[in-house]
Amino acid sequence: MCLEYLGTKIEKLIEVRCGDWDADTLSDDQVAYAACDAMASILIYHQIMREAKEKLSLVEKFVIYLWKIWFKDDAMKFHGLPAGLIDMRFKGHKTNITSNNNNGINKYHKNIINNIVINEGLNINEHESNIPIRKKPLYHNCYLQAPDGDILCTCDRKKAEWYIKKNLADVVEEQPFTVRLKFEPSGRALGEVGQYYTQIKINQCVVCGASENFIRKNVVPREYRKYFPLVMKAHQSHDVLLLCPTCHENSKSHDLQLRRKLADMCNAPLAGPLTHTNWKKLHCAIKALRNEPMLPLQRQEELTNIILEYAGQQEITPNLLNSLDEELKSALSSSINQSKQQPHGLKVVQWFEEREGGLVELERIWREHFLTTMKPQHLPNLWSVRHNQERLTIRQTQNRIDPQDAKVAGLIY
């Protein structure tokens, strides 16, 4: 969009774009990257508005002029948006847009937000910690062909239409929607690995077969994948599967057990049990119960439940508050020290990079863990724990993979 509307291209270094964005302190390059994106979006917006105004006829300009006189709301005049959505003050707490209580956003604005969510095929579920849940199909099973008609893969409708819009492909059929590229692709679908990408995918939970409300499951968690070489990050739809909310929650619990095993095996400690958010909540609860004896009864019960839930006790005593206070101070000190260390995911990836099996071995461990713990009954045909190893081996025979990346992946010993 920068190139199209501003005539300039933003630098997107892979080392920064795929860096550790979960770090407590971002690097100077990350800060500049984020700031550049934020500023670019504003400049692009103003350029779009400028071009739109230049295309207006005299009649349309006159109508807008009258509109500005009759209506005083700047948001409606200049942006075409309802009042209250421009220059809104950011609030630090998350707002549950599906709840019925009035928490500062009026009903009209809630409907606008909900419509955006629904149009994207998502639903925000109260009981899944605000994880986006898809209500619309993820797989549209459109076909992408090479210039000679050979099927390269299935894709969603939006991607297929993008090739048409950019004049890079022509429509071959409407049902199923099929487009043919005007250029030779860098690679073709070969063997069972290639067949996996060309087959029709069904919109259902791969574990129980539920046919509505999905969450995308990364079999190899992004916590590790983001540190992989670029060649192992591309074309990873193989490791993105659909789960229903219940199966997704079960899978998350099982994943924690494997993360703990990897932490011990690779000497890569997990983050402490107290995050900054729940540390602050617990600390405030202890402080309030100690120093504010006149709190309303309902508020006292809320704070008491926070403390008892964490401590696993039946009642609050002065000794319990003192011990928790000391534990919080220790946890805070430990988290400060941990923030200076390499993250768990990076240390695990580095550990496997130096072993004979390489990163394909780490992928295999996670895939086998998913099969063992979840016992999926509806996996796509040709889904394989050795998928990426086979794909990279094909690329290696075609001289399409850097030797260093092949070594890191585990293809060269």
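Is Glu-354 buried or exposed? In this predicted model, local features need a pLDDT of at least 70 and side-chain atom pairs count only at pLDDT 80 or more, while totals for chains, interfaces and linings use all residues. Residues are numbered from 1 along each chain as its sequence is written, and side-chain values use heavy atoms, leaving out hydrogens and water.

Glu-354 turns out to be exposed, with a relative accessible area of 63%. Here, exposed means over 50% relative accessible area, buried means under 20%, and partly exposed lies in between (1.4 Å probe, protein chains only). Glu-354 joins Arg-355 in a salt bridge, at 3.6 Å from N to O; a salt bridge is a side-chain nitrogen of Lys or Arg within 4 Å of a carboxyl oxygen of Asp or Glu. Arg-355 is partly exposed, at 38%. Across the whole structure, the search finds 14 salt bridges.

Arg-367 forms a salt bridge with Asp-239, their closest N and O atoms being 2.8 Å apart. This pair links distant parts of the chain, 128 residues apart: Arg-367 sits in helix α15 (residues 358-374), and Asp-239 in the loop between α9 (222-225) and β8 (240-243). Helices (H or I, at least four residues) and strands (E, at least two) are DSSP runs, numbered from the N terminus. Asp-239 is buried too, at 2%.

Arg-367 also forms a salt bridge with Glu-363, at 3.8 Å between the closest N and O atoms. Both residues lie in helix α15, four residues apart, or about one turn of the helix. Glu-363 is buried, at 0%. Together with Arg-225, the residues Asp-239, Glu-363 and Arg-367 are linked in a network of salt bridges.
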